[in-house]
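Here is a briefing on a predicted complex.

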Amino acid sequence: MKPGLLGNRDVLAGLLFAAIGAAGFTVALAYPFGSVQQMGPGYFPRVLGVLLMGFGAVIFLRGLRRAEAVPGRWGWFALTVVTVSMVAFGWLMERVGLVPSLAVLVLVSAYAGPEFRWREALLLTVVLCLLAVAIFVWGLGLPYPLFAWEFGS
Amino acid sequence: MHDVLSHLALGFSVALSLKNFAYCFLGVFLGTLIGVLPGVGPLVTIAMLLPITFGLDPVSSLIMLAGIFYGAQYGGSTTAILVNMPGEVSSAVTAIDGYQMARQGRAGPALAVAALSSFVAGIISTIVVAFFGPLVGQWALEFGAAEYFSLMVMGLVFSAVLAHGDLVKSLAMVLVGLMFGLVGTDVTSGMPRFSFGIAELLDGIGFTVVAVGLFAVAEIVQNLAQTEKVEVFSKDVKDLMPTWADIKASTWPALRGTVLGSLFGALPGITASVASFSAYMLEKKLAKDPSRFGHGAIEGVAAPEAANNAAAQTHFIPTLTLGIPATAVMALVLGALTMQGIQPGPQVMTSRPELFWGLVASFVVGNVLLLVLNLPLVGLWARLTQVPYRWLFPAIIVFATIGNYSLNNSAMDVYLCAGAGVLGYVFAKLDCQPAPLILGYVLGPMLEENLRRALLMNEGSFSVFVSRPISLVFLGISFVLLAAMVVPSLRRGRERATEDGDAG
C-alpha cells in the first residue's frame, strides 16, 4: 500500500530540510551579505539555506517517486513525556532546588516507559536522587541548593 | 626514532604518575560500567561523564576521557555479544557473530577473544599514533586556511558517504549541522547570528546539548516506542577460556582488523563502525567457508573488535594534531579540551608535549587496565546487562540532564537539549543519520572562518582551493568519493552492504 503524503518518509524529510533551509535563509537576510572577498556574516548562512532548500526539494521529489512509508509507529507519547520531564526539570531547578526537580524528572520520565509501576518508580526516584546528590553536590561540589522556594521574581 | 622514545618516556612519566594512573583507572572502570548497560553507547557515556572531568587539569581530564571512551567501547561489545543490543553501530558488527556464539553457549570464549583482540589492537595502534601523530602534526604546520577548509570538506564528505543510509539525506544532515553551528556570535564581525535575543545563545549551542539530545534522548524515545523482547545469555558465561583453536583462528583476523582500523581511524570523518564493518567483510571474503559467518564464527568477533579499538585510538591523530574531530565522540573530546583552554592543532604537540605523549602512554596503561578489569570481572558486567531498561532510561535522562545543566548552570541548555531530542527523534524516524549532522555542527564555525580567510587572502578567487596542491588533493578525494557514490552500480552495492550491517 502506498503511504499518504504525511506517511511518506522522504517527503517529510525533504519538507523538514527545506523548512530549516528557508528559516535559516530568511533570518540571515537581516545580516550583511558582503562580497566573495569580504564575506559578511550573512553570506555563509544564506548559501547554506539555499543549498538546504535544494537538497530538501530533491529528497521531497524522490520521496514522491519512491513512496516509502515511515517505518513503525511514531512514539509521540514517549517523546512528549520525556520532553516535558526535561523542560520541567529546567524550570523547577531555578525555583525549588535540586531534589524536588530531580524527583519530578525521574517520576515523569519513568512514566514514558511501557511498563510503568508506581512502587518501582518511587524507589528509583529515591535511589537516583541520592546518587545524583552524592555525585554532583557532595562529590563534585556543584553549588546547587537541595531544596529551595524561589518564586516571585 | 630516538625522539619518539624520549617523548614516550616523558609520556609514561605523566601517565604513570599516581594521580593520572588513578584517573585512567577510574575512566576505564566507569566507561566499562556504563558502556556495558544495554542501549548506552560511548557517546552517551562520555556526554554523561563529561562534567565529572571538568574539575581536573587538562592532562588528567584528557586521560580520563580517553579511558571512558575505550572502556565504553569495550563495554558495548560485551553487551553486543550477550544481549545483541549494541550501544552503537560499531559493536553492531560484533553482535552478528558474537551473539550467535553466545546462543551456542560460547559466550565466554567470545568475550575473551573480544578482549584479547582489543588489547592487541590497542597496543599496536598506540605505536601507530606515537609514530604518525608527530608526522601529521609536522605536515599540518604548513596548512593554511585553504588546506584546512578542503580538509574539513573532505571529512564532512567522508562522514556523509560512510554514514549508514541515504547519501543525499546524509549530505543534507551535514548542511543542517553547519547551519546550527552558526548560532552565536560571528567571530569575524562580532555580530550575533540566529540568537533571537536570547542571551544564552550568544555563545552558540553547547556541544553536549546537541549531542545528548540527538543521540541519548532521541535514542531513549526510539527504544521506548518499540517494545521488543531480547533474549539475554548472561547466565551462560562460565568457561571464559578460549580453546587453542579459537586463539589460532583469531590471531590473523585480529591483526588484519588492527591494520584496517588504524588506517581508517586516522582519516577524518570515518567512524569506528566503518572500520569494524570493513574488517568483518574482509574476513568473510578471505574465509574458506564464508557461510559460517553470521552463525558464530570467531573471526567475526576478533576482526571487528580489533578494528574497532584500533580506530578508536587512531581517531586521536586528526583530532589532536589537526584539531579536526574524526567522529562525534572525538568532537566531544575536542570540545572538552577547548573548554579547558587548549586549542587543539599542530602546535599542541610542541607547546604541550606532556598532553599528547601523556595521552599516548595512557593508551597503553588503559589497555592493560581494560584487560585486567574485563577478564576477571566479566561475570559482573554480564549481570549488569540484565538491568531492565525501565530502570535504566530514567537514570540516563537524569545524568544527561544534570550534566547539561551543570556545564553553564543554565536551564536554557536543558530546554535546548530537550528540543534537540525532539528533532533527533523525528530525524531518526525519517531515516536521517545524526552523525553527519553533529560533525557539521562542530566543524561549521571553523569551516566558515577558514573559507572567509582563504578568500580574503586570495582576493575573492576560489582558485586558491585548487591551486594549492594539498588542498587540491583533499578536494579531489572528496569529489571522487561523491562521484563514486553517484555511479548507480556502486550505490546498489553500498545499500546492500549497509543492509548487511544493520541486520546485526
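**Confidence and chain contact**

Chain B has an average pLDDT of 81, with 91% of the residues at 70 or above; pLDDT is the predictor's confidence in each residue, from 0 to 100. The complex receives an ipTM of 0.92 and a pTM of 0.84 from the predictor. This is a predicted model: local features need pLDDT of at least 70 and side-chain atom pairs count only at pLDDT 80 or more, while totals for chains, interfaces and linings use all residues. Residues are numbered from 1 along each chain as its sequence is written, and chains are lettered from A and ligands numbered from 1 in the order in which they are written.

**Confidence by element**
- Helices (H or I, at least four residues) and strands (E, at least two) are DSSP runs, numbered from the N terminus.
- The pLDDT is below 50 over residues 500-504 of chain B. Beyond near neighbours in sequence, this stretch has 9 contacts in the model. Two residues are in contact if their C-beta atoms, placed from the backbone, lie within 7 Å.

**Where chain B touches chain A**
- Chain A puts 57 residues into the contact, and chain B puts in 52 residues.
- On the chain B side, at least two residues each come from α8 (167-181), α9 (207-225), α17 (389-408), α18 (411-429) and α19 (434-457).
- α17(B) gives the most to this side, 11 residues.
- By class, the chain B side has 35 nonpolar, 8 polar and 9 charged residues. Ala, Val, Leu, Ile, Met, Phe, Trp, Tyr, Cys and Pro count as nonpolar, Asp, Glu, Lys and Arg as charged, and the others, Gly among them, as polar.

**α2(A) against α8(B)**
- The axes of α2(A) (residues 43-66) and α8(B) come within 10 Å and cross at roughly 155 degrees. Axes are lines fitted to C-alpha atoms, for helices over the stretch in contact, and angles run from 0 to 180 degrees between N-to-C directions.
- That angle makes α2(A) roughly antiparallel (over 145 degrees) to α8(B).
- Residues that meet include L48(A), F55(A) and I59(A) in α2(A), and V168(B), L175(B) and M179(B) in α8(B).
- This contact has 14 nonpolar, 1 polar and 1 charged residues.

**α2(B) against α16(B)**
- The axes of α2(B) (residues 18-35) and α16(B) (residues 353-384) come within 9 Å and cross at roughly 45 degrees.
- The contact residues include F21(B) and F25(B) of α2(B), and G366(B) and W381(B) of α16(B).
- They divide into 10 nonpolar, 6 polar and no charged.

Technical notes: Angles under 35 degrees count as roughly parallel, over 145 as roughly antiparallel, 65 to 115 as roughly perpendicular and the rest as oblique.
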